[in-house]
Amino acid sequence: MLDTTYNVETPEGIDLRAQAAGPVPRILAYTVDVFYRSLVLFALGIALAFAERAGTGIWLLCSFLLEWFYPVFFEVLRNGQTPGKKAFGLMVVNDNLTPISWGASILRNLLRFADFLPFAYAGGVISMVLNRNFQRLGDMAAGTLVVYRQNAHKISALPKLTPLAPPAGLQLADQQAIISLTERHAELSEARQCELASLLEPVTGKRDGTALNYLRAVGCWLLGERRSGDRTE
């Protein structure tokens, strides 16, 4: 498994892939959303100050709606992104990587009270740290997860290497690992990629940078690259 990759195979045999978001960006996104909600409530408090007790009642009602349904509104109607999640390139999806539904969004947000226990969302943070896909309790109950939203304009081209045919007898699982490594060459650090490439030393007989360039070249071949020009070692 490569880092935080989350894979799903559809009934049609299509592999879908996303990057699960960890606790830190999710906490920062939540902080941004709390800031926006606080601004709205502050403005409402000023506007309703003249209404005395009636204004207080309206303010409390708006506070309740913002606390529990602000995230539901944005998650369902704004592509799984509250303003805070959008700021950090995150989105909420179902665990099969389909758009989140009303029921799932309502359930995951109502269960924030469980994630809050025993205090300050400690339960949710502990759950995310212990879960491979960084799901809090509400996510596990609703069957959802938070992933990074991919930008089609940021998808990197394949490495500029001369494609090489894979060695004879290369297993399917090894081919899939090589393809994944090649496609993500711009996402992982060079040191991490060298470390991963060295794991296939029994197959390639190479290590570190030499193994990495070799596997990238094989990956280009497996992904359909057959051109021999305009490549550098």
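**Helix packing and a loop residue**

Analyst: In this predicted model, Gln175, Ile178, Ile179, Leu181 and Thr182 of H8 meet Leu212, Leu215, Arg216, Val218, Gly219, Cys220 and Leu222 of H11. Contact means heavy atoms within 4.5 Å. Helices are DSSP runs (H or I, at least four residues), numbered from the N terminus. Residues are numbered from 1 along each chain as its sequence is written, and side-chain values use heavy atoms, without hydrogens and water. Local features need pLDDT of at least 70 and side-chain atom pairs 80 or more, while totals for chains, interfaces and linings use all residues.

User: At what angle do H8 and H11 pack?

Analyst: Axes are lines fitted to C-alpha atoms over the stretch in contact, and angles run from 0 to 180 degrees between N-to-C directions. H8 (residues 172-183) and H11 (residues 208-222) pack at about 100°, with axes 8 Å apart. That makes H8 roughly perpendicular (65 to 115 degrees) to H11.

User: Which residues of H11 are buried?

Analyst: Buried means under 20% relative accessible area with a 1.4 Å probe, protein chains only. Among them are Ala211, Tyr214 and Ala217. Their cover includes H8, H9 (190-198) and H10 (201-204).

User: Where is Gln135, and is Gln135 buried or exposed?

Analyst: Gln135 sits in the loop between H6 (122-130) and H7 (137-142). Gln135 is buried, at 12% relative accessible area. A polar atom of the Gln135 side chain lies 2.8 Å from the backbone oxygen of Thr144. Beyond neighbours within four places in sequence, Gln135 contacts Arg26, Ser127, Met128, Met140, Thr144 and Leu145.

How values were computed: Helix = DSSP H or I, 4+ residues; strand = E, 2+ residues; numbered from the N terminus. Parallel < 35°, antiparallel > 145°, perpendicular 65-115°, else oblique. Buried < 20%, exposed > 50% of the residue type's maximum accessible area, 1.4 Å probe, protein only. Polar contact = N/O pair within 3.5 Å; in protein donor to acceptor, adjacent residues only side chain to side chain.
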